[in-house]
Amino acid sequence: MTKEELNQMCREYQQVLVMSEAEVFAMYEESKDECVASFEAEIDFWEKIMYNY
């Protein structure tokens, strides 16, 4: 991880800290489907690798 990537993560974390609970929940709901889809793709990838041996 580069220093710039770490700084970006820190800035994003600071933004979340000052949000209200409702804002955080709304952001979570917005990104949930995309996050779940990418997680499922990751699981599929590893299942193919593990079960093809």
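Me: How do you know that the end-to-end span of H2 agrees with its 31 residues?

Reply: The model is predicted, so local features need pLDDT of at least 70 and side-chain atom pairs count only at pLDDT 80 or more, whereas totals for chains, interfaces and linings use all residues. Residues are numbered from 1 along each chain as its sequence is written, and side-chain values use heavy atoms, with hydrogens and water left out. Helices (H or I, at least four residues) are DSSP runs numbered from the N terminus. The expected span is 1.5 Å times one less than the number of residues, so the 31 residues of H2 should span 45 Å; the end C-alpha atoms are 41 Å apart, which agrees.

Me: Where is the kink in H2 centred?

Reply: The kink is centred on Ser-31 and amounts to about 45°. The bend at a residue is the angle between axes fitted to the seven residues ending there and the seven starting there.

Me: What makes Glu-29 and Lys-32 a salt bridge?

Reply: A salt bridge requires a side-chain nitrogen of Lys or Arg within 4 Å of a carboxyl oxygen of Asp or Glu. The closest N and O atoms of Glu-29 and Lys-32 are 3.4 Å apart, within that limit. Both residues lie in helix H2, three residues apart, about one turn of the helix.

Me: Which residue forms a salt bridge with Arg-11?

Reply: Arg-11 pairs with Glu-4, the closest N and O atoms being 3.0 Å apart. The structure holds two salt bridges. Side chains of opposite charge can pair when their charged atoms come close.

Me: Why is Lys-32 called partly exposed?

Reply: Buried means under 20% relative accessible area, exposed over 50%, and partly exposed in between (1.4 Å probe, protein chains only). Lys-32 has 26%, and therefore counts as partly exposed. Glu-29, at 34%, is also partly exposed. Arg-11 has 40% and Glu-4 has 49%, so these two are partly exposed by that rule.

Me: How many disulfides does the structure hold?

Reply: The structure holds zero disulfides, a disulfide being a pair of cysteine sulfur atoms within 2.5 Å. Cys-10 is partly exposed at 43%, and Cys-35 is partly exposed at 47%.

Me: Which residues form the nonpolar patch on the surface?

Reply: The patch consists of Phe-45, Trp-46, Met-50 and Tyr-51, with about 530 Å² of accessible area together. Patch members have over 30% relative accessible area and no salt bridge; nonpolar side chains (Val, Leu, Ile, Met, Phe, Trp, Tyr) are joined within 5 Å, like charges within 9 Å. Areas come from the Shrake-Rupley method with a 1.4 Å probe; for residues, only the protein chains shown count as cover. Trp-46 lies in helix H2 (residues 21-51) and is partly exposed at 42%.

Terms used
Helices (H or I, at least four residues) and strands (E, at least two) are DSSP runs, numbered from the N terminus.
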